[in-house]
Amino acid sequence: MSTRVAIIDDHPMVAEGIRAILESFDDIEVVATYSSGQEIIDNAASLAPDVILLDLNMPGMNGLAVMEILLESHPDMRILVLSMHDSPEYISTALSHGAMGYVLKDVPTEEIKTAIDTVMTAQRYMCTGARGSLVPENGAETREALTGREQTVLLQLAKGRSNKEVAAALDISVRTVETHRKNIKRKLGISSTAGLTRYAMEHGVLQGTGAFL
């Protein structure tokens, strides 16, 4: 039985290139290529892909939000992230949101097939570059990833909003915002609001929906 694969990437040449490679394998069926996350959300039930190859940096809804929505409705779907970013923050956050694998876009195309086969056995797949990025340097601990809610709070804080304003925007208590703020600073190793804003700008939090990836 063929593995049903959907490719989500806002760069048509990338998506079609991957499709052409995968369709050369007898046990792979590419059921769709889309340029936005909303398209796969709208069609996931009817397409029933086994594996979704998902880019993270897309206009509109980003990959993290797409993953959360898909896995809530289709928990058995396997999502394999394809990204140009190899920073630990990108990788660990994608994994914490439910990705079964992480593959950098510069890997040999045959490795994407290997990644698909691996996640189909319910095992996580990390390409060499991604694994290397997650290895702690000099015995330091790997940075703990922010939760989806913490990323949302960080976006609000990075826009210069007060705890009270964030609480109102997200319909949560001020105390809950303060708790999230403390956890964000602890996880990122940042002590000031200015530092949070700078981090948000450097990691793309202020673009699109505010997720890191």
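Lys113 sits over the face of Phe25, 5.1 Å from the ring centre. A charge is taken to sit over a ring if NZ of Lys or CZ of Arg is within 6 Å of the ring centre and within 35 degrees of the ring normal. The count of aromatic pairs comes to 0; such a pair requires rings of Phe, Tyr and Trp (its six-membered ring) with centres within 6.5 Å.

The model is predicted, so that local features need pLDDT of at least 70 and side-chain atom pairs count only at pLDDT 80 or more, while totals for chains, interfaces and linings use all residues. Residues are numbered from 1 along each chain as its sequence is written, and side-chain values use heavy atoms, leaving out hydrogens and water.

**Confidence and overall make-up**

The mean pLDDT (the predictor's confidence in each residue, from 0 to 100) of the protein is 83, and 88% of its residues reach 70 or more. Two stretches fall below 50, as the table shows.

| Stretch | pLDDT | Contacts in the model |
|---|---|---|
| Residues 136-141 | below 50 | 1 contact, beyond near neighbours in sequence |
| Residues 207-213 | under 50 | 30 contacts, beyond four places in sequence |

Contact means heavy atoms within 4.5 Å. Of the contacts in the protein with a separation of 6 or more, 64% join residues 24 or more positions apart.

The protein has 10 helices and 6 strands; these are DSSP runs numbered from the N terminus, helices being H or I with at least four residues and strands E with at least two. Of the 213 residues, 46% count as buried, where buried means under 20% relative accessible area, exposed over 50%, and partly exposed in between (1.4 Å probe, protein chains only). The accessible surface, from the Shrake-Rupley method with a 1.4 Å probe, comes to about 10,500 Å², and 50% of it belongs to carbon and sulfur atoms.

**Helix H1**

Helix H1 spans residues 12-22, and its buried residues are Ala15, Ile18 and Leu22. Because they cover an arc of only 70° around the axis, they lie on the same side of H1; the arc is that of the directions from the helix axis to the C-beta atoms. The face turned away from this buried side carries the exposed residues Pro12 and Met13. The cover over the buried residues includes strands S1 (3-8), S2 (28-34), S3 (51-55) and S4 (78-83), together with helix H5 (109-120).

**Glu150**

Glu150 belongs to helix H7, residues 148-158. Glu150 counts as buried because its relative accessibility is 5%. Apart from neighbours within four places in sequence, Glu150 is in contact with Ala145, His180, Asn183, Ile184 and Lys187.

Conventions:
Phe/Tyr/Trp six-rings, centres within 6.5 Å; stacked < 30°, edge-to-face > 60°.
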